Amino acid sequence: MCAKTVCVLDGRRDVGETADSLQALDEALSGRGWRTAGYRLAELDVAPCRGCFACWVRTPGVCIVDDVGREIAQSVIRSDVLVLLTPITFGGYSSALKGMVDRLIPLILPYFERIDGEVHHVKRYERYPSLLGIGLLPNPAPEQERTFRTVVERNGINLHAPTVRAQVVYDGADAGEAIVQALLRELR
Amino acid sequence: MSRRALVLIGSPKGLSGSNSARYAQAIGARLEEADWSLDWIHLHRAVSTEDGVGELLAKVSASELVLFVAPLYVDGLPAPAIRAFERIADARATASGTPKFAAVIHCGFVEPVQNATAIEMCRLFAAAAHLEWSGALAFGGGGIPSKRGALALQVAGEALAAGEPIPEEVRRRAERPVMPRWLYVLGGNQMWRSQAKKRFGVSRKGLLARPYEPSESR
């Protein structure tokens, strides 16, 4: 059986906590025969999207900006599950995570199609990873949680994810473990 | 003494030549007619240096109205705009005084309603930064001009100039697609093919490239 791959885009600012939970995740998944590609975005220098559309009309499928964002985009499309891990920020993703999510548009085509009555972009690839959004909050915040779930769901449509799930985890000593459990539920 | 408004442009393309700038100028013109003075900040540039962030924070605090205009990026706001919001919200965690905050979000899909989540993020940011939410407009169609859109910008500008929020009814009216979906899909697809061929010599087949296709099946 082919090993499955999970790509984790970690948009948290706290690098120490990030390192711990990604390691725990790696250990939990490797014991089940899964591979993890984790990116601590706060430590990486991913340039923001220029909005130039070169990745659609000039260098199709590849961002014109030659930095680690290209490697991450490749890792995303070759994974089976994409995990977006973030402190919920105004109902959405942190700037660190969103900087990379913005750089994922080379993975789709510029062409339009109708999906469930709305206009969206057409697939570039045959297969896309499932999407799991994990949002961290210090305390319950219904408006932020609702918006976060909506944006993950909308990303699932635009990134052609075969399955989409959003999970909110409240910050605390067991946040790392909660993330592992959320992912394992998704992979089950 | 004139009242001060700060215009935040969230497009990477800068303070001119983008749809964000065009929408902001339309509202800004109404504000200037009502004797407001305008400051403009390009957020991508501002958040790239600490001096830029310092200027941004100072101007937010010194303004009576902050107008944010940005394109929709992957169902949300462009990352540098979120970075700016993070810095403003951090700095204003215990702020007093409530500048008003209004937003205009536009997208390349034909349905303006696809901006709804990004607008909700703007509203949540305003709450976190102790800014008074003054409504929003949403545009679709990749910047295709329309009479309905121009009217919405005019009415929104007049409302903000009078210290009022953008009327919800104006937003709802502007949220109707500018053309039928089938026509937008047809025209949009032709536009992308033509742009790739004419500007960069990329063929129809080349445009479909899959450079990251795995060499082995998963």
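How many residues of chain B are in contact with chain A? In this predicted model, where local features need pLDDT of at least 70, side-chain atom pairs count only at pLDDT 80 or more, and totals for chains, interfaces and linings use all residues, 47 residues of chain B are in contact with 47 residues of chain A. Residues are numbered from 1 along each chain as its sequence is written, while chains are lettered from A and ligands numbered from 1 in the order in which they are written. Contact requires C-beta atoms, placed from the backbone, to lie within 7 Å.

On the side of chain B that touches chain A, at least two residues each come from α4 (79–91), α5 (116–128), α8 (181–200) and α9 (204–207) of chain B. Helices are DSSP runs (H or I, at least four residues), numbered from the N terminus. The most is given by α8(B), with 10 residues. By class, this side of chain B holds 27 nonpolar, 9 polar and 11 charged residues (nonpolar: Ala, Val, Leu, Ile, Met, Phe, Trp, Tyr, Cys and Pro; charged: Asp, Glu, Lys and Arg; polar: the others, Gly among them).

Chain B is divided into domain 1 (3–174) and domain 2 (180–218), with bounds from an automatic or database domain assignment. The C-alpha centres of these two domains of chain B lie 32 Å apart.

Helix α3 (residues 50–62) of chain B packs with α4(B) at an angle of about 60°, their axes being 10 Å apart. Axes are lines fitted to C-alpha atoms, for helices over the stretch in contact, and angles run from 0 to 180 degrees between N-to-C directions. The contact of α3(B) with α4(B) joins B:V53, B:L56, B:L57 and B:V60 in α3(B) to B:A84, B:R87, B:I88 and B:A91 in α4(B). Its residues comprise 7 nonpolar, no polar and 1 charged.

Key. Contact = placed C-beta atoms within 7 Å.
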